Amino acid sequence: MAKKKINKKELANLLKQWSQQFAIFVPSREGDVTKMARWNGEDISFLDWYRNTTISPRDNFQPQVEEMFSFQKDDNSYHLELPATDEQKRVIFAIRPCDARALAIVDKTFKDGYEDPYYLRRRNNTVLVGLSCTNPRESCFCTSLGVSPGESDDVDLMLTEIDDHFLIEEVTRAGSDLVAQVSDLEEATEADEAKAKEVKEASHSKVTRSIDTENIQEKLLSCFEDKEYWEEVAAKCISCGICTLLCPTCYCFDINDEVFRKQGTRFRSCDSCAFSIYTSMPMENPREEKWRRVRQKLCHKYEFYPMNFNVIACTGCGRCIRLCPVNWDITQTLKGLPAKSTA
Amino acid sequence: MEQKLQSEAKALLEQGKVDYIIGFEPGSLKFTTTPLITKEKDDVDRLVINPFIVNNLANFLTELKGRVGIVVKGCDSRSVVSLIQDNKASREDVVIIGVPCLGIIDVSKIEALLSKDRDELDDITRDGNSVAVTVDGEKRELPANQVLFDNCLGCELSTPQEYDILLDEPTSPPADKEASYTGIDELRKMTAQERWQFWKEQFSHCIRCYACRNVCPACFCERCFVEETEPQWTLPIPRWQDNLMFQVVRNIHVAGRCTDCGECERACPVNIPLRRLTREMYDIVDDLFHFKSGMDKDASPLMTHYEQEEAEDLIR
Amino acid sequence: MPVTDISHRKKFLNQDNVYLPHIAVIEKIIEETPAVRTYHFNFKDEKLREEFTFEPGQFGECSVFGVGEATFCISSSPTRRDHLEFAVQRVGKVTNALDRLGVGAEIGFRGPYGNSFPLDFLQGKNLVFVAGGIGLAPLRSLIWNVIDNRDKYQKIDIVYGARTPTDLCFKYDLDAWGADKTVNMVTTVDRGDENWKGKVGLVPVILEKVAPSASNAVAIVCGPPIMIRFTFPALERLGFTPEQMITTLEKRMKCGIGKCGRCNIGNLYVCRDGPVFSYAQIKDFVSSEY
Amino acid sequence: MEGMKQEEEWEPKLLGFLCRWCSYAGADLAGTSRKKYPANIRIIRVPCSGRIDPLFVIKALRLGFDGVLVSGCHPGDCHYQTGNYRARRRTAITKTFLEYMGVEPERLQASWVSASEGEKFAQVVTEVTKGLKEVGPNKLFTEQEQERGTKAAV
């Protein structure tokens, strides 16, 4: 299929055309924090500063807080009501390959067995437009987890920066539909495609941090009971929720009720296994001690998730390393796993 | 300083004077350090002192059992003293290794000044009152007071007063009182509604990761009020109302313990300017009760002490 | 291990939204002990009330609206269907709120969730039930189920203990099982009182004294973690293999359907892969996290 | 419901935390001696003004009370010797800090009322209520109801 391209200057135009039908989300600054937020219809200056967002795009599918339903008591009887949903289709523009993969990973949990209506409604309602990453950060280690910063199969449409243009590659039907909606795209040449390939390879080689995922499940299982090791790596962890709440693959949540002026609401909100109350029951808490929580976080990502879904629940986006207040580095911890004979 | 630190730390462990050493080792990213908490004398060779030793290690003091040798800057030493005042640590069980501090470099200020990302900076070195930054092979000199953390510019104790080992001669960062009140003066000039609006907006970004609370040596409650379920004071969900309530109560609870070390603001992943709260509280406590946290280990904690006549103008 | 297939379990959930509870009404409250109450309840929706079925060992998420949800095993037997029961110990936010509700009050219920006791596996075997405190609640569902199909099973031993005589739950059942000549019912307490005539001693200790044979037997265990920790080794000493030991676990849960993340033991979620496990399944993790 | 009413009908809701030994007895006295004071106050009796956690104050504002009154024994008269001195420190800090956050100072008031000061209690409640009427309803946490829970929902 002939590929298309678009001049960077025409990007606002492209987004405008899509916005006829879609709500467009682009990398945005809100206060001093970056996330995927509603495009204002003009500004594409994010191209200048955007490397990746602090709040991962998982937030656009599993928001930090959402209303599950409301309840009201009339005549001594409860009535439940689901919140109104916005049916407008959405485009998330410029999602990075690591974050797109993360959504594919989280999908597995929310689709598994019981379908999660809140997440899947948004997921089915959204088209992902990927933007290849040309400038990975020092904290990135995506290439160890089968993600290449320049490429993605987890988006619907993929854009790659080639000089003053973006090469447009259609990955899914939904992506092709997006392209079909736009009138004035240029045809890409073979030279453009060659250039894009070069760009992708170049960004791939810029990722220097790495982990060794070979036999990682076995390694983790063999040191599961090594309390001393876990205590040592957990020592400087402060049990805050940064690494998990900002992680694109950490989906754990909490459910809470509130009654405010007789109107009841059940909320769900993101939760973190780093918090001691996360597993705390009135009589006991299986993960009261910090090292057990640190172990859970690591094992969930690299041991349990692969056992259940055949994929590691990490894409190497590096948020947890970069934003950790004490520089607790998951790649170092994995490197330091005690080598133990399986005998 | 580093060599002295390493040999002192090694001696402390070897002689059995401490069970643990808490210090800094190089971090895994450029311009970072990370806490080193160890019992092994061989590990102390990794200890460093540089202008990036951001963390307030006093935070780990309450977690460890046994005697602890702890590396502290001036502000951190105040947190240690404050913990001693509150009986959360015992003076006999802590060996305070004092670092005379010239101020800690805020890399995000360099990023803003040079319009560069920290990944693109090749090197940052401190030389007295200037900081040399190498970018694209080119060396740029920046005045230290433009790139230090705001709280360092308003530092009131750069060299620990309470110590067992002092690694060097006393020193202090360049003071810039005005800069240390960046944002705070503006807030003070606003109307009440504007201020509330400002904080409401700020706390709408909060994700309730509790990093501010968990890095704070003054936040040592076994169970934080936000985790109480009966009564449930506030829901553990990140709505601005609950976020704001959490932070206001947290600030009031640590009044008289907070030393304006700035850790909460540094830890915040969504960059809420929390120091504009902590510094104000620090000043309120000072204005009303002439109390400065963590200066004197023998002083009573703020909330257990009183004078016959004080603050009466606030009461009917 | 492949993730358990749960498609057959979805029948009675709200079809559009698995998190939406059904409204149920409390019909009766029984004071079991000073801290434990049994609630009898029924769905408000008549059709659901008629059709609702479950397997022994399954649980539900119960809502006290405005306070929250908590997880309770259904303690009544599927063979006795005129209402559902669960037993609640007052320990936390939701259970205290439940305690303030009276007969006629509305609660929310979604379920049944989780797997169940493997009835096919148990048939034709000698069954040894070991329970402590409120841990009898989930076993009770199975015990009545077994008694109501008595000819399908061999010998039945029940070892049940509580801290004191007043802490014994389901005393009316204990009496009924004690009177049943086809059941060997042993009740014990940690500390007796002047009226107590039964055994005194910890459940694992008494279990070893009762010494049921491991031959063609399965032990089904539920109780506080400390009891479970000592019961497995006791059973091992009696010759039971990990495959012959079954337990049902309790963890903090929110969603009940394997999504919210907190109830895992290793890669298994107590809510969707359990709550019923064989000791063989969980022994790698159980010493450490349960 | 409150929102439905006309503006002029609005009456401030005041929550009082009163120490049981002095101020609560003072309030009682005001009642039994038929001193007139506004019915806007709801009272929570506490064992000592030292029991009042600033958390209570903020929770009250969060719940929509328009003002909070903290009241205890006069300095030197505390049944537990020093409880009211601590309350004084806490209240002073809370009041000043809340003002910096943007809470009108009228919304947190403190007073010393002894068991014999029924008259003073009535006067304090009257004044505080008057002050609250001037600053108006507490909309700190409650404005823009539609935001609830939908912050990030899209």
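Predicted model: local features only at pLDDT ≥ 70, side-chain atom pairs only at ≥ 80, totals over all residues.
Which order do the five strands of the open sheet in chain B follow?

**Stop 1: the five-stranded sheet of chain B**

The order is E2-E1-E3-E4-E8, and the pairing is mixed. Look at the edges. E2 and strand E8 (165-166) of chain B each have a single partner strand, so one side of each is left without a neighbour in the sheet.

Now colour residues 94-98 of chain B, which form strand E4. E4(B) runs parallel to E3(B), and five bridges join the two. For one position on this pair, pick B:Gly69: opposite stands B:Val95 in E4(B).

Next, show helix H1 of chain B, residues 2-14. H1(B) packs on the sheet and touches strand E1 (20-26), E3, E4 and E8 of chain B. The direction of H1(B) makes about 150° with that of E1(B).

**Stop 2: B:Arg67**

Stay in chain B and select B:Arg67. This residue lies in the loop between strand E2 (33-38) and strand E3 (68-72). How many other C-beta atoms lie within 10 Å of B:Arg67? There are 16, so B:Arg67 is partly exposed; a buried residue would need 20 or more, an exposed one 12 or fewer.

Leaving out residues up to four places away in sequence, B:Arg67 touches B:Lys17, B:Val18, B:Asp19 and B:Asp93. Then draw a distance to B:Lys139. That residue is 72 residues apart from B:Arg67 along the chain, and 44 Å separate the two C-alpha atoms.

**Stop 3: where chain A meets chain B**

Bring chain A into view. The contact takes 33 residues from chain A and 31 residues from chain B. On the chain A side, four elements each supply at least two residues: helix H9 (242-245), strand E11 (253-260), strand E12 (263-270) and helix H11 (319-322). E11(A) gives the largest share, three residues. Colour this side of chain A by class: 14 residues are nonpolar, ten polar and nine charged.

**Stop 4: the two domains of chain A**

Colour domain 1 of chain A (4-61 + 86-206) and domain 2 (216-335) separately. Their centres, taken over C-alpha atoms, are separated by 27 Å. Where the domains touch, 22 residues of domain 1 are in contact with 18 residues of domain 2. The domain 1 side of that contact divides into eleven nonpolar, six polar and five charged residues.

**Stop 5: a helix crossing in chain A**

Select helix H8 (residues 227-234) and helix H10 (residues 290-309) of chain A. At what angle do their axes cross? The angle is roughly 90°, and the axes come within 8 Å. That makes H8(A) roughly perpendicular to H10(A).

Show the side chains at the crossing. From H8(A) come A:Lys227, A:Trp230, A:Glu231, A:Val233 and A:Ala234. They meet A:Lys290, A:Trp291, A:Val294 and A:Arg295 in H10(A). By class, this contact has five nonpolar, no polar and four charged residues.

**Stop 6: the seven-stranded sheet of chain C**

Finish in chain C. Seven strands form an open, mixed sheet in the order E10-E9-E8-E7-E11-E12-E15. Strand E10 (199-200) and strand E15 (276-278) of chain C stand at the edges; each has a single partner strand, so one side of each is left without a neighbour in the sheet.

Zoom in on E7 (residues 126-132) and E8 (residues 156-162) of chain C, which pair in the parallel sense over six bridges.

Last, show helix H5 (residues 171-179) of chain C. H5(C) lies across E8 and strand E9 (183-189) of chain C, and runs at about 135° to E9(C).

Key:
Residues numbered from 1 in each chain as written. Chains lettered and ligands numbered in written order. Contact = placed C-beta atoms within 7 Å. Nonpolar A, V, L, I, M, F, W, Y, C, P; charged D, E, K, R; others polar. Pairing = 2+ DSSP bridges. Axes fitted to C-alpha atoms, helices over the stretch in contact; angles between N-to-C directions. Domains from an automatic or database assignment. Parallel < 35°, antiparallel > 145°, perpendicular 65-115°, else oblique.
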